[in-house]
Amino acid sequence: VSGKVTLPTIPRASSVTCPSTNIGSTATISISRASSSFTHTLQYKMSDESSWTNIVTKTTATSYSWTVPTSFYSKIPNNKSIAGKINCITYSGTTKIGEKTCDFTATVNESTNKPTITYSIDNASDSETRALTGNADTFISNFSTAYYSIVATPKNSAKITEVQIVCGDKKSTSTYSSDVAVTKTGSFSSVTSASFTINVKDSRGYTVSTTITKTLVNY
């Protein structure tokens, strides 16, 4: 006896993968489905959450482009990344076949999330130097006073934790815990260098540094 039969589809849940992705960027979620007739609901859950959030419902696609929400920044003001999971629910028609999950990491892109610096450095308030040089950017060695104003701005829920300025053997450091811009002002008297380095650090550990060079002349 011989014959032909159609075997039923084995009810196996599809598998899912998702690469680590920068917050605000697009992650491609890949689905390896057990049957071409299956549809899938994708969900995410971050490490600080107890419930799933839907990304897409009953998609027929085998890959899905998901923009990692910028709201994740507020979850990690003191960290560079946060762990999460992607859940894939497999359906055959209206019947739920099963679920599979994968791990992924949402990261804070350092290059676009470091603090920013604006500044002014001059001898504008040093009337004696100005009378001698006539120039706010020219300092007289061992004589001039350099006045500085530094504005450090954090990004995307981070906090400014430290602002430092260095001029030769002189240094001034201030600590903060501010999620808005901070302003550090002060002065260095009798400067022996016209090179000023500003260093700023945020609560995620990201740093930014800039060096400003003015003119230094002898008395």
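Cys-88 is buried, with a relative accessible area of 0%. The sulfur of Cys-88 lies 8.8 Å from the closest cysteine sulfur, that of Cys-102, which is too far for a bond. The model is a predicted one.

**Cysteines**
- With a disulfide taken as a pair of cysteine sulfur atoms within 2.5 Å, the count comes to zero.
- Cys-102 is in no disulfide, and its nearest cysteine sulfur, in Cys-18, is 5.7 Å away.
- Cys-102 also counts as buried, at 11% relative accessibility.

**Open sheet**
- Five strands form an open sheet in the order S2-S8-S7-S4-S5, and their pairing is mixed.
- Strands S2 (21-22) and S5 (53-59) stand at the edges; each has a single partner strand, so one side of each has no neighbour in the sheet.
- Strand S4 (residues 39-46) pairs with S5 in the antiparallel sense, over four bridges.
- Opposite Leu-42 stands Val-56 in S5.

**Positive phi angles**
- Most residues other than glycine have a negative phi.
- Lys-58, which is not a glycine, has a positive phi near 45°.
- Lys-58 is placed in strand S5 and counts as partly exposed, at 36% relative accessibility.
- Asn-156, likewise not a glycine, has a positive phi of about 50°.
- Asn-156 sits in the loop between strand S11 (146-153) and strand S12 (160-167).
- The relative accessibility of Asn-156 is 36%, which makes this residue partly exposed.

Technical notes:
Residues numbered from 1 in each chain as written. Predicted model: local features only at pLDDT ≥ 70, side-chain atom pairs only at ≥ 80, totals over all residues. Heavy atoms only, no water. Pairing = 2+ DSSP bridges. Helix = DSSP H or I, 4+ residues; strand = E, 2+ residues; numbered from the N terminus. Buried < 20%, exposed > 50% of the residue type's maximum accessible area, 1.4 Å probe, protein only.
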